[in-house]
Amino acid sequence: MIKIIARYIFFVVLIFIPFYSQTQILDTNTIWSESNIKYTYIANDTVSIDGKVYHEINSHSDTTFHYNNDNNQPYLIREDVDKVFWRESFLNDDYLLYDFSLSEGDSIYVTPMTYESMDSVLLYCDKVDTVEVFGIMRRRLTMITVNPNSFYVKDTEYWYYGIGSDLGLFKSGLLGTEPTLDQSVSDPKLFCCHKVFDQIYQDSSVNACHESSASLDGEISENLMRIYPNPTDKKALLQIPSFEKNSYIITFFNNVGRAVDIKLVATGTGCEINTSGIASGVYQVILRHKNGVVSNKKLVIQH
């Protein structure tokens, strides 16, 4: 009897661990486009503070995807089961952005990023359902601002599991605050969201995302790397102009956005990619230079 119970406990653990290990916001390379501001997340950019792991989110105000000292402001996000917190590196506190464990009728205080204050806003969870967003079924929470002000037309926002608020990544609860000096009084909105170069969200009022979302195949990084032969079966060469050892981070993602461990051997102008033992398919090769320039190429493996 004890052995049977132990087996059932093990089975239950196997079921629930994958659920709680899912991320609510962060998942490989992501771009949130909001008007003229873009927030970007690249996997493995982490900071440890008081034993807690935070991921860096970078903000950009230009129309090309690159980093420079004049146009890059990092923020930190931490995920804890179904909750998402944010903070700036110089702040001593975490601020709650999302809680995806809420049920209908629950209320919660969240803190949007307003730049001038850190005021908490009371939200009421009016509805929890599941909707299809760009071909993916996502949990959606309809959140209502309990004390709306007259500056915004509406008092309702939507939280999408894996994306965030339809107002913007850091704007959960913003409808309950007064606009700051750097905000317009028009309703804030998330224009588009991309993950691993696939679009996963677009606001219904936006006709196209090419102006509001950054392309990782931008003019700056278009010729940064070359892969040949492509398609390949056993190996390929990744060529990088002016290659410098330890200047680049190279990551491979499969078609569902998960990182894949592929063996690389450095060469004089880049590296050799060993694809033996890797399943056939289309992979995204993400190359990130130490100065922040990012490039990507598709690699087709055919065994």
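**Notebook: a predicted model, residue by residue**

I began at Phe134, which is partly exposed, with a relative accessible area of 47%. The model is a predicted one, and I kept that in mind for each entry. I located Phe134 in the loop between strand 9 and strand 10. Its phi is near 50 degrees, a positive value in a residue other than glycine.

**Entry: another positive phi**

I then looked up Asp50, whose phi is likewise positive, near 50 degrees, although the residue is not glycine. Asp50 sits in the loop between strand 3 (46-49) and strand 4 (52-60). Is Asp50 buried or exposed? I noted a relative accessibility of 74% for Asp50, so the residue counts as exposed, the cut-off for that class being over 50%.

**Entry: the whole protein**

I turned to the overall figures. The protein has 303 residues, and 46% of them are buried. I recorded an accessible surface of about 16,100 Å², with 52% of it belonging to carbon and sulfur atoms. Among contacts with a separation of 6 or more, 49% are between residues 24 or more positions apart.

Five strands form an open sheet in the order 8-9-10-11-12, and the pairing is antiparallel. Which strands stand at the edges? I found strand 8 (107-110) and strand 12 there; each has a single partner strand, so one side of each is left without a neighbour in the sheet.

In strand 11, Trp159 is the bridge partner of Leu141.

**Entry: Arg138**

I looked up Arg138 and found it in strand 10 (residues 136-145). Is this arginine buried or exposed? Arg138 has a relative accessible area of 11%; buried means under 20%, so Arg138 is buried. I then listed what Arg138 touches, leaving aside residues up to four places away in sequence. The contacts include Asp129, Thr130, Val131 and Val133, and also Tyr161, Gly162, Ile163 and Ile200.

**Entry: nonpolar cores**

I asked which residues of the largest nonpolar core touch the most other members. That core has 38 residues, and the answer is Trp32, Ile57, Trp159 and Phe170. Strand 9 (residues 121-133) gives the most to this core, namely five residues. Another core lies apart from it and has 16 residues, among them Ala236, Tyr248, Tyr283 and Leu299.

**Entry: aromatic pairs**

How many aromatic pairs does the count give? It comes to ten. One of these pairs is formed by Tyr39 and Phe170, which are edge-to-face, with 5.0 Å centre to centre and 70 degrees between the planes. This pair links distant parts of the chain, as its residues are 131 apart. Tyr39 belongs to strand 2 (residues 37-41), while Phe170 is in the loop between strand 12 (164-165) and strand 13 (192-195). I checked both for burial: Tyr39 is buried at 1% relative accessibility, and Phe170 is buried with a relative accessible area of 1%.

I looked up the pair of Tyr98 and Phe100 as well, which is stacked, with 5.6 Å centre to centre and 25 degrees between the planes. Tyr98 is buried at 0% relative accessibility, and Phe100 is buried with a relative accessible area of 1%. Finally, I recorded one aromatic cluster formed by Tyr39, Tyr75, Trp86, Tyr95 and Phe170.

**Entry: charges over rings**

I found the charged end of Arg78 over the ring of Phe85, 4.4 Å from its centre. I also found Arg226 over the face of Tyr228, at 4.3 Å from the ring centre.

**Entry: cis peptide bonds**

The peptide bond from Tyr228 to Pro229 is cis, with omega near -10 degrees. Pro229 lies in the loop between strand 15 (226-228) and strand 16 (235-239). Where is Pro231 placed? I located Pro231 in the loop between strand 15 and strand 16. The peptide bond from Asn230 to Pro231 is cis, with omega near 10 degrees.

Technical notes. Residues are numbered from 1 along each chain as its sequence is written. This is a predicted model: local features need pLDDT of at least 70, side-chain atom pairs count only at pLDDT 80 or more; totals for chains, interfaces and linings use all residues. Side-chain values use heavy atoms; hydrogens and water are left out. Helices (H or I, at least four residues) and strands (E, at least two) are DSSP runs, numbered from the N terminus. Buried means under 20% relative accessible area, exposed over 50%, partly exposed in between (1.4 Å probe, protein chains only). Contact means heavy atoms within 4.5 Å. A nonpolar core is a set of buried Ala, Val, Leu, Ile, Met, Phe, Trp, Tyr and Cys residues joined through side-chain atoms within 4.5 Å. Accessible areas come from the Shrake-Rupley method with a 1.4 Å probe; for residues, only the protein chains shown count as cover. Rings of Phe, Tyr and Trp (its six-membered ring) pair if their centres lie within 6.5 Å; planes under 30 degrees apart count as stacked, over 60 as edge-to-face and the rest as tilted. A charge sits over a ring if NZ of Lys or CZ of Arg is within 6 Å of the ring centre and within 35 degrees of the ring normal. Two strands pair if DSSP finds at least two bridges between them.
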